Amino acid sequence: MYLWLLAAGLTLVFGVLGVLNFAHGSLFMLGAYAAFTFYGKLNINFGLSILLSLISVGIIGAILERFFIRRIYDLDLPYQLILTFGFILIFDDLVKMVWGGVAMIPPMPGFLEGNLTVLGRPYPFYNIFIIFAGLAVALVLWLILEKTWWGRMIRASASDREMAGAIGINIPFLFTTVFVLSAMLAALGGALGTPVRVVAPGIGTAMIIQAFVITVIGGLGNLKGAFVGALIVGILTSFGILLFPIFELFIIFVVMAIVLMVKPEGLFGK
Amino acid sequence: MTKLKPLLLIALILLLLLLPAFAGKYLLYMAIHILILSVFALGFNLLLGYTGLLSFGQAGFFAIGSYACAKILLVIPSLLLGTISGTLAGGIAALILGYLCVRYTRIYFSMLTLSFGMMIYSLAWKWREVTGGDDGLAGIPRAPLEIPGIFSINMSPMGNYYYFVLVVSLIAIFLIHRMVHSPFGLTLKGIRDSENRVAFAGVSIRNYRLLSFTIAGLYAGLAGSFLPPLENTVTPPIAHWTHSAEPVMVTLLGGIHTFSGPIVGSILFYIIKDIIVRFTQYWLILFGSIVIFLVLVFRGGVVIFFTEKILPWVKRR
């Protein structure tokens with residue numbers, strides 16, 4: 001489900017802005033670190049610290065879009081990838097500077113501890129919480145995109161940027177909001193992941209590849225695809241570890257390559 | 001300018017040949033790394049700069065070259081054999097995977113090469129019996145360069161190994177220079193600029209792309225096979241996608257549509273790294289900023305900046 005949150009933001013930015021954001025994993029990492037700081041270090045209430053990390057990463061996202069990403073919409077893909085890759089380097093080192101290079105294990109919020117027994121098996125309560133959070137985000141995203149004025153503007157400018165501009169949509173501002181939304185989704189994934197994951201520099205580069213796999217499988221720029229893709233990758237990873245531990249990582253990329261070769265636009269692509 | 005160029009080139013090669021006479025071990029070690037990255041990036045730029053394909057899986061072929069060379073050296077200590085088999089392994093892998101990749105362009109091509117590169121990485125990391133897992137392969141000898149019965153040169157001194165890498169790299173650079181200035185190179189540029197027109201002229205685009213991909217793989221394999229004898233170990237991170245980004249960065253730094261761009265970029269990359277690391281361990285922040293500055297402000301790279309801005313300015317004086 002973290003994978004879904006991560007991939008949703010990536011695919012949203014690609015679908016609307018047409019930019020493949022390599023630094024998306026770094027935003028995930030920043031979200032994790034921010035939540036860790038607010039919750040684990042400053043002892044702020046769990047919900048509030050997640051909110052705070054969303055806001056702070058959202059602001060970073062806004063700055064990124066406004067001053068850097070905006071200038072590269074018209075450029076070729078290599079330049080987009082390289083520019084955002086530059087941000088990976090910067091964020092990775094910044095994180096090392098501020099929080100140090102060691103991995104940290106954040107505390108678990110008390111009210112989410114314990115197990116729930118499902119079908120006779122203990123199941124960590126926190127995982128169930130994450131699953132519902134992911135589903136809720138999926139629902140909210142769908143509602144925003146399909147039912148609100150803002151969502152309609154996003155869809156309009158995704159399908160024809162110039163036309164949307166011509167009928168009076170403030171495209172640059174809209175794109176900034178979309179980028180901020182995507183950054184916040186990544187941060188939410190990172191923040192929710194903190195209590196059960198290790199927070200370490202470098203999780204950004206590890207996560208972004210997973211997110212790429214998911215978005216490619218589901219179809220670049222396709223939210224529904226990203227959801228299904230995240231499920232597929234999640235299931236493949238967990239069963240892969242159980243069944244053939246050596247080739248677990250390998251299989252994910254095989255699936256990605258096969259999807260690319262057979263249906264490059266992804267499982268849900270048009 | 002035309003008279004100056006060969007002179008400069010000869011001076012540069014002389015400098016490189018004389019380097020071991022005055023440079024210390026560390027400088028030679030750096031020089032070898034610069035040469036490795038140059039060869040790697042030159043092959044990569046044949047794909048990006050000339051054919052217009054951005055590959056994010058080049059580190060996979062680099063690693064295949066490294067591991068193949070290391071495996072050979074662990075069994076038969078012959079440098080020449082190791083290098084040749086590393087190069088061929090990279091080329092063959094590129095030929096096979098390239099066959100699957102070159103049908104696609106733009107983002108799909110980049111993603112597909114990324115996934116193949118990561119497959120190679122995951123094999124290097126997990127397939128313990130063959131690759132040693134995350135420990136890598138250790139104790140690789142810097143074997144002598146020999147042709148049995150004819151001659152044998154001891155490669156243990158850094159200087160000797162430097163000469164070996166230098167000579168082979170210069171040959172490789174010369175070959176790729178001839179290639180891009182041949183009809184083959186022109187055809188590749190044609191494909192980059194207008195795929196359809198070249199197709200109408202009766203050229204098989206796919207075959208040309210595959211050839212270019214294979215050559216890039218050969219160069220990545222060659223660059224990769226220089227590494228094990230130098231470091232005496234091979235570890236999986238050389239196959240990781242962040243390593244694939246290195247040739248991308250240096251090519252961009254030096255200049256994407258120029259021949260010497262990747263070489264200049266590699267030199268600058270190591271110089272910048274070496275200087276910043278003296279002050280702070282967080283050198284990637286600065287390097288990231290340089291990359292961003294390059295993309296936003298001058299996209300041509302250092303070489304174009306030099307030939308178009310500095311040279312005319314010098315001439316006017």
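Me: How do α8(B) and α10(B) lie to each other, roughly parallel or roughly perpendicular?
Reply: Roughly perpendicular. This is a predicted model, by the way. Helix α8 (residues 183-193) of chain B packs against helix α10 (residues 205-231) of chain B at an angle of about 115°, and angles from 65 to 115 degrees count as roughly perpendicular. Their axes are 10 Å apart.

Me: And is that crossing left-handed or right-handed?
Reply: The crossing of α8(B) and α10(B) is left-handed.

Me: Which residues make the contact there?
Reply: From α8(B) you have B:Thr187, B:Leu188 and B:Ile191. α10(B) brings B:Ile205, B:Tyr208, B:Arg209 and B:Ser212. By type, that contact has four nonpolar residues, two polar and one charged.

Me: OK, switching topic. How many residues does each chain put into the contact between A and B?
Reply: Chain A puts in 35 residues and chain B 36 residues.

Me: Which helix of chain A gives the most to that side?
Reply: That's α4(A), with 15 residues. On the side of chain A that touches chain B, α4 (77-99), α9 (203-218) and α11 (248-262) each supply at least two residues.

Me: What kinds of residues are on that side of chain A?
Reply: They split into 29 nonpolar, two polar and four charged.

Me: Now α2(A): how many of its residues are buried?
Reply: 16 of its 18 residues, so α2(A) is mostly covered.

Me: What span should that helix have, and how far apart are its ends?
Reply: At 1.5 Å a residue, α2 (residues 24-41) of chain A should span 26 Å. Its end C-alpha atoms are 25 Å apart, which agrees.

Me: What comes just after α2(A)?
Reply: A:Asn43, which takes a positive phi of about 60°.

Technical notes. Residues numbered from 1 in each chain as written. Chains lettered and ligands numbered in written order. Predicted model: local features only at pLDDT ≥ 70, side-chain atom pairs only at ≥ 80, totals over all residues. Contact = placed C-beta atoms within 7 Å. Helix = DSSP H or I, 4+ residues; strand = E, 2+ residues; numbered from the N terminus. Nonpolar A, V, L, I, M, F, W, Y, C, P; charged D, E, K, R; others polar. Expected span 1.5 Å × (residues − 1). Buried ≥ 20, exposed ≤ 12 C-beta atoms within 10 Å, placed from the backbone. Axes fitted to C-alpha atoms, helices over the stretch in contact; angles between N-to-C directions. Parallel < 35°, antiparallel > 145°, perpendicular 65-115°, else oblique. Left-handed = near helix turned anticlockwise from the far one by under 90°.
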